[in-house]
Amino acid sequence: MQRKLLLPLVAALASGWIGIASAADQPDVIRFGLATVGKGGIPFASSSITSLAHQRQAIEAELQAEGIRVEWTYFKGAGPAVNEALANRQLDFAWQGDLPTAVGKAGGLDTRLIAADGLLSANYLVVPSDSQATTLEDLKGKKVALFKGTNLQLATARTLKQAGLGDRDFRTINMDFPTAAAALASKDIDGAWLASTAFELQKNGIGRIIYDTRAVDARLTRQTHVLVRGEFERQHPEIVQKVVNGLVKTAAWVSAPENEDAAFELWAKSGTPVDSLRAEQGDLPLARRYSPRLDAFFIDRYRATARESKELGLIRGDIDVAQWVEPKYVERAIEQLGLQALWPQYDTSNQPLTR
């Protein structure tokens with residue numbers, strides 16, 4: 001009898017000790033990296049809900065009860081630098097583009113994609129303002145800058161392939177974005193593939209945009225996302241959910257038309273003017289660009305990234321995208337917050353699905 005009475009007590013104590021041990025294993029800080037940096041190295045980004053969540057302390061608010069701090073790092077070396085930090089276990093979460101994260105995954109990095117964060121971003125081919133070039137073909141054999149290792153590289157390769165061209169048709173030079181902008185200004189190069197910087201150069205009379213990939217075909221655009229280290233997710237799924245909750249709440253904030261001006265002002269802290277950011281956004285609604293859902297469109301684009309990266313020799317191994325993408329955290333947050341109608345699911349052709 002005494003033994004029977006003791007068993008529940010022992011079980012309760014064991015459960016208590018397990019709970020205490022689990023709490024003790026909880027991290028004091030989570031480390032979040034972004035594959036970008038503002039002008040002059042300032043820790044701000046010109047896009048993404050992740051950067052807005054940082055400025056608005058949305059993730060910190062979700063983790064406040066647990067006393068967990070968030071450490072933010074912006075990487076001048078973009079995607080490749082983030083991959084190195086992930087490989088060295090210096091990050092738990094990261095905002096990154098499709099190509100560099102595929103390179104990391106194929107190279108053995110244990111990551112899970114847990115939220116979309118920046119869809120349908122265009123590449124812009126910019127030439128000096130007095131250049132006579134008006135088409136891709138006009139730059140054949142000429143010096144064109146491209147920040148290799150970033151998600152612009154694959155999107156550019158897709159664009160050239162669709163036009164019947166290839167990297168060898170140009171004298172491609174690897175340059176980061178500030179260096180390329182300076183080289184355009186000094187006319188040391190004949191063109192450069194850029195992001196929102198393109199509109200600032202055009203406004204200032206330094207460059208002229210002659211090609212916009214999003215205007216040609218949605219399949220030529222770049223996608224970005226938030227990922228988590230697989231080991232961290234397995235150990236702390238409840239923290240991952242809280243991080244995603246903060247991201248989804250921020251995405252809902254930026255998707256509300258009344259918050260549009262405030263969002264652009266926060267992104268402009270990166271050093272890119274608001275008018276350039278608005279020009280880059282174009283007619284694409286913020287609610288579409290910053291939908292966090294990992295839907296059929298997102299998955300199809302990442303399958304294309306994996307396939308095309310291998311075809312181009314940018315990666316060697318195969319990637320099981322179905323196992324790589326984990327939508328449950330975003331869908332749970334959307335359901336709990338009652339946001340199902342805010343972001344419809346999109347099919348592989350970028351058309352909204354009706355319920």
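Student: In strand 10, what does Ala-94 stand opposite?
Tutor: Leu-227. This is a predicted model, by the way.

Student: How many bridges join strand 3 to strand 10, and in what sense do they run?
Tutor: Five bridges, running antiparallel. Strand 3 covers residues 93-97.

Student: What about strand 4 and strand 10: how many bridges there?
Tutor: Five bridges, paired in the antiparallel sense. Strand 4 spans residues 111-116. One of the pairs sets Arg-112 against Val-228 of strand 10.

Student: In what order do the strands of the sheet come?
Tutor: The order is 2-1-3-10-4. That makes five strands in an open sheet with mixed pairing.

Student: Which strands stand at the edges?
Tutor: Strand 2 (69-74) and strand 4. Each has a single partner strand, so one side of each is left without a neighbour in the sheet.

Student: By how many degrees are neighbouring strands turned against each other?
Tutor: 25 degrees on average, direction ignored.

Student: Where does a parallel pair come in?
Tutor: Between strand 1 (residues 29-34) and strand 3, over three bridges. Leu-34 stands opposite Trp-95 of strand 3 there.

Student: Which helix packs on the sheet?
Tutor: Helix 4, residues 78-87. Helix 4 touches strand 1, strand 3, strand 4 and strand 10. Its direction makes about 150 degrees with that of strand 3.

Student: Back to strand 10. How many of its residues are buried?
Tutor: Six of its six, across residues 224-229.

Student: Which residues lie on which side?
Tutor: Thr-224, Val-226 and Val-228 are on one side. His-225, Leu-227 and Arg-229 are on the other. Both faces are covered.

Student: Why would neighbours in the list land on opposite sides?
Tutor: In a regular strand, side chains alternate between the two faces of the sheet.

Student: OK, Arg-229. What does it form a salt bridge with?
Tutor: Glu-231, with the closest N and O atoms 3.1 Å apart. Arg-229 counts as buried at 10% relative accessibility. Glu-231 counts as partly exposed at 25%.

Student: New pair. Which residue does Glu-260 bridge to?
Tutor: Arg-278, with the closest N and O atoms at 2.7 Å. Glu-260 lies in helix 12 (residues 260-267) and Arg-278 in helix 13 (residues 274-281), so the pair ties together parts that are 18 residues apart in sequence.

Student: Are those two buried or partly exposed?
Tutor: Partly exposed. Glu-260 has a relative accessible area of 28%, and Arg-278 has 30%.

Student: And Glu-331, which side chain does it meet?
Tutor: Arg-293, in a salt bridge of 2.8 Å, N to O. Glu-331 sits in helix 17 (residues 328-337) and Arg-293 in the loop between helix 14 (286-289) and helix 15, so this pair ties together parts that are 38 residues apart in sequence. Glu-331 counts as partly exposed at 25%. Arg-293 is buried, with a relative accessible area of 3%.

Student: Which residues do shared partners join into one network?
Tutor: Arg-31, Arg-89, Asp-92, Arg-229 and Glu-231. The whole structure has 21 salt bridges.

Student: Switching to helices. At what angle do helix 5 and helix 15 cross?
Tutor: Roughly 65 degrees, with axes that come within 10 Å. The crossing is right-handed.

Student: Which residues make the contact?
Tutor: From helix 5, Asp-98, Leu-99, Thr-101 and Ala-102. From helix 15, Tyr-302, Thr-305 and Ser-309. They divide into three nonpolar, three polar and one charged.

Student: Which residues of helix 5 are buried?
Tutor: Asp-98, Leu-99, Pro-100, Thr-101, Ala-102 and Gly-104. Helix 5 is followed by Gly-108, whose phi is positive, near 110 degrees.

Student: Where does Asp-110 lie?
Tutor: In the loop between helix 5 and strand 4. Asp-110 counts as partly exposed at 34% relative accessibility.

Student: Leaving aside neighbours within four places in sequence, what is Asp-110 in contact with?
Tutor: Val-228, Arg-229, Gly-230, Glu-231 and Arg-234.

Student: How many Å separate Asp-110 and Gly-207 in space?
Tutor: 41 Å, C-alpha to C-alpha. In sequence they are 97 residues apart.

Notes: Residues are numbered from 1 along each chain as its sequence is written. This is a predicted model: local features need pLDDT of at least 70, side-chain atom pairs count only at pLDDT 80 or more; totals for chains, interfaces and linings use all residues. Side-chain values use heavy atoms; hydrogens and water are left out. Axes are lines fitted to C-alpha atoms, for helices over the stretch in contact, and angles run from 0 to 180 degrees between N-to-C directions. Helices (H or I, at least four residues) and strands (E, at least two) are DSSP runs, numbered from the N terminus. A crossing is left-handed if the near helix is turned anticlockwise from the far one by less than a right angle, and right-handed if clockwise. Contact means heavy atoms within 4.5 Å. Ala, Val, Leu, Ile, Met, Phe, Trp, Tyr, Cys and Pro count as nonpolar, Asp, Glu, Lys and Arg as charged, and the others, Gly among them, as polar. Buried means under 20% relative accessible area, exposed over 50%, partly exposed in between (1.4 Å probe, protein chains only). Two strands pair if DSSP finds at least two bridges between them. A salt bridge is a side-chain nitrogen of Lys or Arg within 4 Å of a carboxyl oxygen of Asp or Glu.
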